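Please examine the sequence and the structure shown below before reading on.

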Amino acid sequence: MNSIDIESKKFLGQPKNFVSIFNALLFDGKQMLNPEYLKDENNELVMNVSSKHVDIIKRYEDGTYLDLFVIESQSYVDQSMVARVMEYKSVARMRYIRQNFKTHVPTHTRLPMILTVVLYVGESKWNAAKRLSELEIIHPGFENMFNEFKLNLIELNTNHKYNTGEKATQDFFDLLRMIYRKQILKEDLDREFNRDALYFAYVVTKNKELLNIYQESEKGDVKVCRALDEMFEESTNKGIQMGIKQGIELNQFEVYQTMLDKGFSVKDIASIFSVSEESIKKLLMKA
């Protein structure tokens with residue numbers, strides 16, 4: 001189990017944080033799902049599904065229905081994620097049936113709803129299938145027989161802003177968006193972030209500035225954005241300087257190459273521009 005998996009369980013496994021992910025996706029942050037009704041699942045059903053690499057599984061029960069919620073914290077783009085989530089659901093349903101019905105499933109029986117969410121925390125674009133029709137070949141004439149399946153996917157590297165309704169997860173979502181977009185809004189400069197969200201964002205992004213801020217802080221919320229803003233500006237300036245340097249070198253290369261083509265020797269060019277022969281050869285070799 002890697003550090004992201006461990007921290008996913010610690011941070012997202014907290015009841016308020018867990019339900020907030022589903023509230024963000026399904027209800028735009030409205031607190032429709034209550035953490036008080038959330039229970040850890042340790043029975044054979046959940047253990048079986050967990051063995052299929054699902055990160056966190058809990059049971060939601062309010063006295064009238066039983067829902068099994070799954071969060072998949074996916075730190076890399078998995079081309080088979082659609083098929084994997086379908087497998088999770090199939091395994092869970094069959095295990096439930098075997099546990100609760102000895103011979104057959106009675107008429108009018110309804111199984112617990114299973115809702116899965118893939119929380120994608122990677123920086124690269126999600127370029128895998130988001131629905132079964134993007135993964136499976138559908139031959140002409142069979143379209144009406146095909147049963148579609150769509151991922152419940154949350155991508156934190158896009159321009160879409162999710163509302164979780166819970167400070168810790170909202171802070172985590174927003175920190176990742178800031179880091180991946182390398183942009184801090186003016187109104188966020190003095191914003192204070194949940195310390196656990198800060199550390200989880202560091203584990204996911206490996207951003208050393210986040211780790212420094214976390215280690216320098218003690219308890220409570222932490223101001224992050226001004227330090228990140230300075231880091232982004234410094235990175236941008238370095239990029240500009242690198243671009244200028246590369247432009248100068250490209251121009252020098254073109255001049256040197258043109259003179260060589262016209263019959264000038266490296267020694268002649270070095271004498272004309274008052275540079276060393278070695279520097280000219282080195283630049284020509286880079287190309």
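How many salt bridges does the structure hold? The predicted model holds 8 salt bridges.

## Overall composition

The secondary structure of the protein chain comprises 10 helices and 7 strands. The chain has 287 residues, of which 41% count as buried. Among contacts with a separation of 6 or more, 60% are accounted for by residues 24 or more positions apart.

Side chains of opposite charge can pair when their charged atoms come close. One of the salt bridges is formed by Asp174 and Lys161, whose closest N and O atoms are 2.9 Å apart. This pair links distant parts of the chain, 13 residues apart: Asp174 belongs to helix 5 (residues 167–181), while Lys161 is in the loop between strand 5 (153–155) and helix 5. Asp174 has a relative accessibility of 3% and therefore counts as buried. Lys161, in contrast, has a relative accessible area of 47% and is partly exposed.

A salt bridge also joins Arg191 and Asp171, with 2.9 Å between the closest N and O atoms. Asp171 lies in helix 5 and Arg191 in the loop between helix 5 and strand 6 (192–193), so this pair ties together parts that are 20 residues apart in sequence. Arg191 and Asp171 are both buried.

With which side chain does Asp188 meet in a salt bridge? The partner is Arg191, at 3.7 Å from N to O. Asp188 counts as buried because its relative accessibility is 13%, and Arg191 is buried at a relative accessible area of 18%. Through salt bridges that share partners, Lys161, Lys167, Asp171, Asp174, Asp188 and Arg191 are joined into one network.

## Helix 1 against helix 6

Two packed helices are described by the angle between their axes and the distance between the axes. For helix 1 (residues 3–12) and helix 6 (residues 195–205), the packing angle is about 160 degrees and the axes are 10 Å apart. The two helices are therefore roughly antiparallel to each other, angles over 145 degrees being counted as such. Their crossing is left-handed.

Helix 1 contributes Ser3, Ile4, Glu7, Ser8, Phe11 and Leu12 to the contact, and these meet Asp196, Ala197, Tyr199, Phe200, Val203 and Val204 in helix 6. By class, this contact of helix 1 with helix 6 has 8 nonpolar, 2 polar and 2 charged residues.

## Helix 6 against helix 7

Which helix has an axis that comes within 8 Å of the axis of helix 6? It is helix 7 (residues 208–216), and the two axes cross at roughly 150 degrees. Helix 6 is therefore roughly antiparallel to helix 7. The crossing of helix 6 with helix 7 is left-handed.

On the helix 6 side, the contact is made by Arg195, Leu198, Tyr199, Ala201, Tyr202 and Thr205; on the helix 7 side, by Leu210, Leu211, Ile213 and Tyr214. Sorted by class, the contact of helix 6 with helix 7 has 8 nonpolar, 1 polar and 1 charged residues.

Methods. Residues numbered from 1 in each chain as written. Predicted model: local features only at pLDDT ≥ 70, side-chain atom pairs only at ≥ 80, totals over all residues. Heavy atoms only, no water. Axes fitted to C-alpha atoms, helices over the stretch in contact; angles between N-to-C directions. Helix = DSSP H or I, 4+ residues; strand = E, 2+ residues; numbered from the N terminus. Parallel < 35°, antiparallel > 145°, perpendicular 65-115°, else oblique. Left-handed = near helix turned anticlockwise from the far one by under 90°. Contact = heavy atoms within 4.5 Å. Nonpolar A, V, L, I, M, F, W, Y, C, P; charged D, E, K, R; others polar. Salt bridge = Lys/Arg side-chain N within 4 Å of Asp/Glu carboxyl O. Buried < 20%, exposed > 50% of the residue type's maximum accessible area, 1.4 Å probe, protein only.
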